[in-house]
Amino acid sequence: MDSMLLLYLMSELFPSRTRAIYIDHQLQSRSDEWGRLVQQHADVLNIPCILQKVSVEAGNLEQQARDARYQAYRQHLKSNEILVLAHHQQDQAETLLLRLFSGAGVNGLAAMQQLDVRQEITIWRPFLELSRDQIEQWTVQLGFDYVTDPSNHDTHYDRAWCREQLWPMLQQRFPKMQAAVTRSSYLMQDAAEILDQVLQVDWQQCATDHQLDLIELAQLSAARQRQLLSAWMKGNDQYRPSFDMVQRLQHEVILAKPDAQATVHFNQHYFVRYQKTLYRLSYDEFYAEKRSPVLPVQTQRYQMWQSFALAAGKFKIESQAMGLSAQLLDRELTLILRQGGEKIHLYGRVGHWPLKKAIQEAQILPWLRHTIQILVVDNVMLGVFSPKGFWLAQSDYLEQGGWQPSLISDCNDFFQQSFSHDE
């Protein structure tokens, strides 16, 4: 009823700029028939109409149906179009109550916005302040046919149970409850906007998309810490983590012992700490060593100005004030994977010291250390390829005006580009 009324009003207000889309979830035996009814109404109103079938995955049926529906919307929406939905005042109040029962915070209790501008879609809900009684009165006056989905009365579903059983009981006790609950959602929207302004300040101070400074985080109040962690964990996903998940991150990772290798997994991301920084890693980043193992021994030949890719990143052969001998160009050199226990005499430093110490001093992240490779010729260490660049070793193969590999982009850049693309 509410969606058909919306179709009629939009055809009056914007007759040449309105398109209709009927989403067939294929969950009801008569859904094809309902689609034909929508098409007939759209034809009478001279409104283009799309009938779109979607498949609903197993699991939480209400959530999966919603995800399938919005995926179909995005498929058909053009960049300059707005999605107009017929949610009304009772829908808003029901949404707030259901989110309250699930333990939602301010953002969840803000419920639906009349104009909802998201990253990839803009939604307008013009009926959000209309009661169901008002919609019924308009429908009777216009006299059009509509369909009532039987699942709207199936109390197996949370929203239907709320509408059929809880709502009448509450409204009998509190006759003005619907308007009052809706008003609360608007107050929560104001509060959410204020919190978002505070969050933006804290984000600029503490975080990037993939890293969070724990020293700066510690300067915030406990409430602002939870707010920032919740938004940062969410990233570009649709929903924030639960309160319990944020607490797990705090207790199991942030407050873990310095030498602990603690990890929290949430929404396909892994949250790990290294020293005083918290990292948000994709699956490919976290399991890079297992997914792309580096060969224990490789051979390479280099030419001046040649670019090449290794596990640690992309490098280019360039001339340097001090570098490797030109005699080594186009000669077969060996790359050896770090095994542990190696020592290196870095050029410009006194004496040999453990390669592990150099890695720690360079603050190379533990999940990137498998990319480190040692360049060798005739059992002589020439240098080390790392995500922080090529480390030249002291040897008899050094000369003035020699050559060195220069880092163009490290493996972390590659992972973050892939991660952004996936999101």
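Not counting residues up to four places away in sequence, Cys 206 touches Gln 211, Leu 212, Asp 213, Glu 216, Leu 217, Leu 220 and Leu 228, where contact means heavy atoms within 4.5 Å. The model is predicted: local features need pLDDT of at least 70, side-chain atom pairs count only at pLDDT 80 or more, and totals for chains, interfaces and linings use all residues. Residues are numbered from 1 along each chain as its sequence is written, and side-chain values use heavy atoms, with hydrogens and water left out.

**Cys 206**
- Cys 206 is placed in helix α8 (residues 177-206); helices (H or I, at least four residues) and strands (E, at least two) are DSSP runs, numbered from the N terminus.
- Cys 206 counts as buried because its relative accessibility is 6%; buried means under 20% relative accessible area, exposed over 50%, and partly exposed in between (1.4 Å probe, protein chains only).
- Between Cys 206 and Asp 284 there are 25 Å in space, C-alpha to C-alpha, and 78 residues in sequence.

**Domains and annotation**
- The chain is assigned domain 1 (1-90 + 111-152), domain 2 (209-289) and domain 3 (292-418), with bounds that come from an automatic or database domain assignment.
- A distance of 38 Å separates the C-alpha centres of domain 1 and domain 2.
- An unreviewed UniProt entry annotates residues 333-407 as "domain: Lysidine-tRNA(Ile) synthetase C-terminal"; UniProt positions are given in the numbering used here, feature names are shortened, and annotations may be inferred rather than shown by experiment.
- Residues 333-407 are 9% helix and 44% strand, with their end C-alpha atoms 18 Å apart.

**Nonpolar cores**
- In the largest nonpolar core, which has 23 residues, Tyr 279, Ile 344, Leu 355, Trp 367, Val 384 and Trp 391 touch the most other members; such a core is a set of buried Ala, Val, Leu, Ile, Met, Phe, Trp, Tyr and Cys residues joined through side-chain atoms within 4.5 Å.
- Two or more residues of this core come from each of β8 (269-274), β9 (277-281), α14 (355-361), β16 (373-377) and β17 (380-386).
- Domain 2 (209-289) and domain 3 (292-418) each supply at least three residues to this core.
- Leaving aside neighbours within four places in sequence, Trp 367 is in contact with Val 272, Tyr 274, Tyr 279, Leu 281 and Glu 285.
- Another core, of 21 residues, lies apart from this one and has Ala 207, Leu 214, Met 245 and Phe 266 among its members.

**Aromatic pairs**
- The whole structure holds 15 aromatic pairs; rings of Phe, Tyr and Trp (its six-membered ring) pair if their centres lie within 6.5 Å, and planes under 30 degrees apart count as stacked, over 60 as edge-to-face and the rest as tilted.
- Phe 308 and Phe 315 form a stacked pair because their ring centres are 6.1 Å apart and their planes lie at 20°.
- Phe 308 and Phe 385 are edge-to-face, because their planes lie at 85° with ring centres 6.1 Å apart.
- This second pair links distant parts of the chain, as Phe 308 in strand β11 (residues 307-310) and Phe 385 in strand β17 are 77 residues apart.
- Both Phe 308 and Phe 385 are buried.

**Positive phi in loops**
- Gln 268, although not a glycine, has a positive phi of about 70°, and its place is the loop between β7 (263-266) and β8.
- Trp 305 also has a positive phi, near 65°, and is found in the loop between β10 (297-300) and β11.
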